[in-house]
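Me: Hey, I'm new to reading structures. Can you walk me through this one?

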Amino acid sequence: MKISELLKKEAIELGAKPASKEEAIDIMAGLHEKAGNISDINEYKRGIWEREKQSSTAIGEGIAIPHAKNKAVKRPALAAMTVPCGVDFDSLDAQPVRLLFMIAAPEGGGNVHLEVLSRLSMLLMDEKFKEELMSAPDKDGFLAVIDRMEAEKFGKPEKNSDSYDNNGSDVEADGKGKQQYRILAVTACPTGIAHTFMAAEALEKAGKEMGISIKVETNGSGGAKNILTDEEIKSCDGIIVAADKNVITDRFDGKLVLFTKVSDGIHKPKELINKIINKEADIYSEGRDVRTAKYEKQSTDSNAVYKHLMNGVSHMLPFVIGGGIMIALAFLVDDYKLDPSNFGMNTPVAAFFKTVGNAMFGFMLPILAAYIAASIADRPGLAVGFAGGVLAMNGTNFLALADGKTDGISGGFLAALFAGFLAGYIVKLLQIITEKLPKSLDGIRPMLIYPLIGVLLIGLVMCFVNPVMGWINTGIGNWLKSLGGSSKLLLGAVVGGMMSIDMGGPFNKAAYVFGTASLALENYDVMAAVMVGGMVPPIAIAISTSLFKSKWSDEDRRSGPVNYIMGLCFISEGAIPYAAKDPIRVIPSCIIGSAVAGALSMAFNCTLRAPHGGIFVFPVVGNALWYIGALAIGSIVGALILGVIKKRVVPEKSAA
């Protein structure tokens, strides 16, 4: 497949004059829509902006490659645009962008297109290629430049097209005809589409110019390519890891490793190579996330704690959601009258759903603890964290063991959090302590010392603290159950409002995690308030765009109805593009609407046994009609406030 097969003339715009980054993205998304590449322009743009929130896709030197792997994409495709006068795109080098390619990648559907996209990324590192594209007289000429340059670089198959092995650099043979490389590298970006391959190309190009043999492994959307072998790792001088996401690093144990951002791989390849040559990096020890001091300073302690917590939560949520919905289905299909005390297990179908759901739901706390520990101490922390999570879940303690029992009072979510962080730092401490052991014992450290001593220590500590954690957990559960009147309404208002503060950020996640933790305590009203609070923002915006058309631009009004669907499906992020344009008015309005909905859900004694699902789990909501009423009232309140406080859109600006 050639690049021109993904880039059609209908998706090319030459000489565009966007006034802003937002307008540039709107134009390019429109090109994809015009070419029939996407089914829902608003959903696709949501994916684009989600990627932009991670870091700007304007990589410098006048280039931007916005991209999204999104369910709205019907087929892999490209859109291209030249902006002779430049546009501010939050570029990494603060320079205006003149050449843009927008990548549309479908969810699933194979990865054939990734090779083509990687080719484009590599070509864009060529200054001649960029200038010829900018000076193309028409769309046919633009495509002709791409075809010619692609043929020149990739037309003839090479013995090793993924690395520079026969280019005059100092590649040696090991006596068996196998090549050895002085420097190895791994590149990876969050989406694994463009920056991954551009960094690889820049490093390989720099290696060729410097006469340094280099091989680069790319961790793209299609998986790892050009994978580094054990022999290559053993014989190289050092490894560059230019990545903005986690990559497998335990294979680099004992080697000189330089950790940096993927953007540095694109813009500072020679500097990175020189650091390895001059040994300006650290020796990597398996399980330790060793970085240069400069790179470590980019993350504060609070950010690190949040990162570890979110790593645990993100791995836990599939178990919570999958298991929770299975349990909810069990109650939906069961017959309560057969045996009220055994509700959820009375019929074979219900028993199946509940048994499978319980099995998955039961892993929630061990998975949370395991992946918090793994985030802190890498893979060696995983087993110790999992063991701590199981002990926290069971409430294992010395008093119970003395009575011949293995279980006590579960410490629940809080105990699992404690176990995860404790396990991670126990393994980190073991890594530091065992560094002075003879080199010959390095192989048994991760396989024997860390898991054996780590599990022993986490077991001793958890057996001591579990009774305290159990009392705290029981106390919280009793407090939630005892809440009534104004206290209960206040709790619903708080968790509901938190869902709208940052719509997917830390406050939203904190409220959601609190709701899912309450499920384990059988406080189903908290989860109901949390979900209804998260459903309000998109619906409130959709209602407002329908009722107060003069307060919204043409584009906002066209895309507004989509938010009805997103809100009903409990996708709070549908409100983000609107909040980003006018945060001072949109966010407070949504917070108030969500708080009202959460409080009403509590007041109406609504309950929810499933941790996700939107309208699809309404059949298992307790007091479902009142729950729908709470959602409607909260959404209308938010929409009315928006309609009052938002400024009227000037027609001329809307048309622009």
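Below we go through the chain and then some of its helices.

Me: What kind of model is it, and how are residues numbered?
Reply: It's a predicted model, where local features need pLDDT of at least 70, side-chain atom pairs count only at pLDDT 80 or more, and totals for chains, interfaces and linings use all residues. Residues are numbered from 1 along each chain as its sequence is written, and side-chain values use heavy atoms, with hydrogens and water left out.

Me: How many helices and strands are in the chain?
Reply: The chain has 27 helices and 15 strands. Those are DSSP runs numbered from the N terminus: helices are H or I with at least four residues, strands are E with at least two.

Me: And what share of the residues is buried?
Reply: Buried residues are 52% of the 656 in the chain. Buried means under 20% relative accessible area, exposed over 50%, and partly exposed in between, using a 1.4 Å probe and protein chains only.

Me: Ok, helix H26. What length should it span?
Reply: H26 covers residues 624-645, and at 1.5 Å a residue its 22 residues should span 32 Å; the end C-alpha atoms are 32 Å apart, which agrees. The expected span is 1.5 Å times one less than the number of residues.

Me: Which residues of H26 are buried?
Reply: Among them are Tyr627, Gly634 and Leu642. What covers the buried residues of H26 includes H21 (524-547), H23 (562-568) and H25 (583-603).

Me: How do H25 and H26 cross?
Reply: Their axes come within 8 Å and cross at roughly 155°. That makes H25 roughly antiparallel to H26. Angles under 35 degrees count as roughly parallel, over 145 as roughly antiparallel, 65 to 115 as roughly perpendicular and the rest as oblique. Axes are lines fitted to C-alpha atoms, for helices over the stretch in contact, with angles from 0 to 180 degrees between N-to-C directions.

Me: Which residues meet there?
Reply: Including Val586, Ile592 and Leu600 in H25, they meet a set in H26 that includes Ala630 and Val637. Contact means heavy atoms within 4.5 Å.

Me: What comes after H25?
Reply: H25 is followed by Asn605, whose phi is positive, near 55°.

Me: Switching topic: at what angle do H14 and H17 pack?
Reply: H14 (residues 364-377) and H17 (residues 412-433) pack at about 30°, with axes 8 Å apart. That makes H14 roughly parallel to H17.
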